[in-house]
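Biologist: I have the sequence and the coordinates open, and I would like to go through them with you. Can we put them up and start?

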Amino acid sequence: MAAFRLSCCCFFVLCHAVFLLPHLVHCVYNAHNFLVDDEDDLLQGINSYRTSRNLPVLAKNKKAACLADEIAEELVDQPCTKVNVGSASPQLANYNKLLKKCDIDINTTRDGIVLPVCVRKLVPTLVLTNYTHSSYAQYLNNSKYTGAGVGSEDDWMVVILTTNNPAGSFVSAANSVGLSSCMVWMLSVSVVFLLY
């Protein structure tokens with residue numbers, strides 16, 4: 001009888017995992033469905049740079065890509081000077097508004113970093129050099145960063161580096177809370193089945 005209950009419990013948990021997981025994953029990545037070629041090329045260049053240093057490649061983070069696009073749009077009116085290139089975290093008055101636009105919980109951005117560069121006409125080799133041969137290289141060389149979102153607008157390219165931990169994952173509030181509450185719910189139902 002106990003084996004039957006355990007089988008039912010496992011089946012119940014498995015069914016919920018099959019039906020809920022795709023929905024949760026879809027929610028995490030609903031900001032942008034594609035990257036522009038220049039952005040893909042830059043991420044590929046950064047990943048080649050990291051590989052040459054025996055670091056894992058950065059996975060695409062679509063929420064971070066959404067935010068990178070929004071930040072790039074905000075920077076369009078800024079002059080393209082070296083002063084702007086040196087800022088690891090651009091001071092934007094409406095940063096919280098941009099996070100909401102991309103459905104990102106601010107608590108999941110603390111360990112990430114925003115790296116904007118300005119290069120006239122976004123010449124690919126110059127853009128990559130601005131990341132790999134500047135103070136930004138220290139972030140690209142850091143193994144704690146596991147993902148990236150890339151966005152561009154006019155002469156501005158923005159790379160956002162993300163982490164695997166909750167404080168740097170750039171997920172939405174619903175997903176960060178929803179996933180844990182779903183797991184707690186499934187665990188509690190499993191315990192009830194085991195007790196009966």
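Predicted model: local features only at pLDDT ≥ 70, side-chain atom pairs only at ≥ 80, totals over all residues.

Biologist: Now the cysteines. How many disulfides does a search of the whole structure find?
Modeller: The search finds two. With the bonded cysteines counted along the chain, they follow the pattern 1-3, 2-4.

Biologist: Which cysteine is joined to Cys-118?
Modeller: Cys-118 is bonded to Cys-80, with an S to S distance of 1.9 Å. Cys-80 sits in the loop between α3 and α4, whereas Cys-118 belongs to strand β2, so this bond ties together parts that are 38 residues apart in sequence. The torsion about the S-S bond of Cys-80 and Cys-118 is about -125°, so that disulfide is left-handed.

Biologist: What is the relative accessible area of Cys-118?
Modeller: For Cys-118 the value is 8%, and because the cut-off for buried is under 20%, Cys-118 counts as buried.

Biologist: And what about Cys-66, which residue is its partner?
Modeller: Cys-66 is joined to Cys-102, and the sulfur atoms are 2.0 Å apart. Cys-66 is part of helix α3, while Cys-102 is in the loop between α5 and β2, so the bond links parts of the chain that are 36 residues apart in sequence. Its torsion, for Cys-66 and Cys-102, is about -85°, so this disulfide is left-handed, and both Cys-66 and Cys-102 are buried.

Biologist: Staying with α3, why would you call it largely enclosed?
Modeller: Eleven of the 14 residues of α3 are buried, so the helix is largely enclosed by the rest of the structure. Among these buried residues are Lys-63, Asp-69 and Glu-70, together with Cys-66, Leu-67 and Ile-71.

Biologist: How far apart are the end C-alpha atoms of α3, and what should its 14 residues span?
Modeller: At 1.5 Å a residue the helix should span 20 Å, and the end C-alpha atoms of α3 are 20 Å apart, which agrees.

Biologist: Which residue caps the N-terminal end of α3?
Modeller: Asn-61 does, by way of a side-chain oxygen that lies 3.1 Å from the backbone nitrogen of Lys-63.

Biologist: Lys-63 again, then. What does Ser-172 touch, leaving out residues up to four places away in sequence?
Modeller: Ser-172 touches Lys-63, along with Asp-103, Ile-104 and Asp-105. Ser-172 is placed in the loop between β4 and α8, and with a relative accessible area of 1% it is buried.

Biologist: Last topic, the whole protein: how many helices and strands does it have?
Modeller: There are eight helices and four strands, following the pattern α-α-β-α-α-α-β-α-α-β-β-α along the sequence. Of the 196 residues, 43% count as buried, and among contacts with a separation of 6 or more, 77% are between residues 24 or more positions apart.

Terms used. Residues numbered from 1 in each chain as written. Heavy atoms only, no water. Disulfide = S-S within 2.5 Å. Helix = DSSP H or I, 4+ residues; strand = E, 2+ residues; numbered from the N terminus. Buried < 20%, exposed > 50% of the residue type's maximum accessible area, 1.4 Å probe, protein only. Expected span 1.5 Å × (residues − 1). Polar contact = N/O pair within 3.5 Å; in protein donor to acceptor, adjacent residues only side chain to side chain. Contact = heavy atoms within 4.5 Å.
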